[in-house]
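Q: I want to learn to read disulfides in a model. Where do I begin?

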Amino acid sequence: MAEKIIPVVKADEEEEEELVDPQQALRDECSQKQEAQSYWAKYQECNNRVNSRSNTAETCEEELIDYVHVLDKCVNKDLFKRLK
């Protein structure tokens, strides 16, 4: 009796398209730009220098922050245009 009163809805069993995070896609694009590559190289250089020493107080925090800042600035230009 309940089947007659409450309709049964079945989901389509079609394969849904995989969602792509637009922010990650833009980060990937922006990381290939010259300015970002320059900051990434500075970060890697610092990382190599720190890893080559056994006892150092140096960190690469500033270089990492600079790199992420450049990426975020690039991503923010187009991110909201791509959101649905």
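A: Begin with the sulfur atoms: a disulfide is a pair of cysteine sulfur atoms within 2.5 Å. Keep in mind that this model is predicted.

Q: How many disulfides does the structure hold?
A: There are 2. C46 pairs with C60, S to S 2.1 Å. C30 is joined to C74, with the sulfur atoms 2.0 Å apart.

Q: What is the handedness of the disulfide of C46 and C60?
A: Read the torsion about the S-S bond. For C46 and C60 that torsion is about -95°, so this disulfide is left-handed. C46 sits in helix α3 and C60 in the loop between α3 and α4, so parts 14 residues apart in sequence are tied together.

Q: And what is the torsion for C30 and C74?
A: About -75°, so that disulfide is left-handed. The pair links distant parts of the chain, 44 residues apart: C30 is in helix α2, C74 in helix α4 (residues 61-82).

Q: Which pattern do the disulfides follow?
A: Count the bonded cysteines along the chain. The pattern is 1-4, 2-3.

Q: Where is S31 placed?
A: In the loop between α2 (22-30) and α3 (34-52). S31 is buried because its relative accessibility is 15%. Beyond neighbours within four places in sequence, S31 contacts A36, Q37, Y67 and L71.

Note on methods
Residues are numbered from 1 along each chain as its sequence is written. This is a predicted model: local features need pLDDT of at least 70, side-chain atom pairs count only at pLDDT 80 or more; totals for chains, interfaces and linings use all residues. Side-chain values use heavy atoms; hydrogens and water are left out. Helices (H or I, at least four residues) and strands (E, at least two) are DSSP runs, numbered from the N terminus. Buried means under 20% relative accessible area, exposed over 50%, partly exposed in between (1.4 Å probe, protein chains only). Contact means heavy atoms within 4.5 Å.
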